[in-house]
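Q: Could we go through this model together, beginning with the sheet and then moving to individual side chains?
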Amino acid sequence: MSIYSEKTLPFSVELLDEVGHLLKTSERIVILSHRQPDGDTIGANLALRMALQQWGKSPISACIDPPPEYTLILPGVYDFVNDFDTSAVDLLIAVDCGEHYMTRFHEKNPEILSKKIPFNSIKALEDLGYYSVDNLPLE
């Protein structure tokens with residue numbers, strides 16, 4: 001039985017379970033922030049990365065553009081990459097990003113839009129018709 005109720009969540013418990021399963025079973029996770037990043041996308045990326053690290057994962061934070069100067073005091077911000085090997089990825093997660101094109105990674109790596117890699121699994125799951133999930137509790 002879930003600690004959550006359909007009445008208290010703006011999305012289904014099944015979606016929460018599915019996202020939790022993806023996070024727990026994926027080993028090679030890349031967290032994407034949108035181009036021309038702001039503090040919201042950098043902070044969301046870093047927070048999710050730290051939560052996944054507590055689960056024993058080694059996620060990668062990625063953004064096409066460098067983090068803004070005012071975020072450079074945040075722990076882990078210097079670990080962002082602007083490219084990654086898509087063949088070595090189980091799960092792509094876009095944070096603070098409503099559409100895939102906002103990351104610009106599809107321009108360099110069009111294969112990320114294939115169904116081989118679950119994409120945007122937390123933010124939208126739009127292809128499956130799910131509600132956006134931006135603040136997933138990782139307990």
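Q: What kind of model is it, and how are the residues numbered?
A: This is a predicted model, in which local features need pLDDT of at least 70 and side-chain atom pairs count only at pLDDT 80 or more, whereas totals for chains, interfaces and linings use all residues. Residues are numbered from 1 along each chain as its sequence is written, and side-chain values use heavy atoms, with hydrogens and water left out.

Q: How many residues of strand 1 are buried?
A: Five of the five residues in strand 1 (residues 29–33) are buried, and the strand is mostly covered. In a regular strand the side chains alternate between the two faces of the sheet.

Q: Which strands form the sheet, and in what order?
A: Three strands form an open sheet in the order 2-1-3, with parallel pairing. Strand 2 and strand 3 are the edge strands, each pairing on one side only. Neighbouring strands of this sheet are turned by 25 degrees against each other on average, direction ignored. Axes here are lines fitted to C-alpha atoms, for helices over the stretch in contact, and angles run from 0 to 180 degrees between N-to-C directions.

Q: How many bridges does strand 1 have with strand 3?
A: Strand 1 and strand 3 (residues 91–95) pair in the parallel sense over five bridges; two strands pair if DSSP finds at least two bridges between them. The bridge partner of I29 in strand 3 is L91, V30 stands opposite L92, and S33 stands opposite V95.

Q: And on the strand 2 side, how many bridges?
A: Strand 1 pairs with strand 2 (residues 60–62) over three bridges, again in the parallel sense. Within strand 2, S61 stands opposite I31.

Q: Is strand 3 enclosed or open?
A: Strand 3 is largely enclosed by the rest of the structure, because five of its five residues are buried. L91, I93 and V95 point one way from strand 3, and L92 and A94 the other way.

Q: Where does helix 2 pack?
A: Helix 2 packs on the sheet, where it touches strand 1, strand 2 and strand 3, and its direction makes about 165 degrees with that of strand 1. Contact means heavy atoms within 4.5 Å. Strand 1, helix 2 (residues 39–54) and strand 2 make a right-handed β-α-β unit. A crossover is right-handed if, with the strands pointing away from the viewer, the path from the first strand over the helix to the second runs clockwise.

Q: Switching to side chains, is K57 buried or exposed?
A: K57 counts as buried because its relative accessibility is 8%. K57 is found in the loop between helix 2 and strand 2.

Q: What does the K57 side chain join?
A: A polar contact of 3.3 Å joins the side chains of K57 and E27. Such a contact is a pair of N or O atoms within 3.5 Å; within protein, one must be able to donate a hydrogen and the other to accept it, and residues adjacent in sequence count only if both atoms are side-chain atoms.

Q: What about S26?
A: S26 is in the loop between helix 1 (13–25) and strand 1 and is buried, with a relative accessible area of 5%. A polar atom of the S26 side chain lies 2.7 Å from the backbone oxygen of L22. Leaving aside neighbours within four places in sequence, S26 is in contact with K57, D90 and L91.

Q: How many aromatic pairs does the structure hold?
A: The structure holds one aromatic pair. The rings of F84 and F105 have their centres 5.2 Å apart and their planes at 55 degrees, so the pair is tilted. Rings of Phe, Tyr and Trp (its six-membered ring) pair if their centres lie within 6.5 Å; planes under 30 degrees apart count as stacked, over 60 as edge-to-face and the rest as tilted.

Notes
Buried < 20%, exposed > 50% of the residue type's maximum accessible area, 1.4 Å probe, protein only. Helix = DSSP H or I, 4+ residues; strand = E, 2+ residues; numbered from the N terminus.
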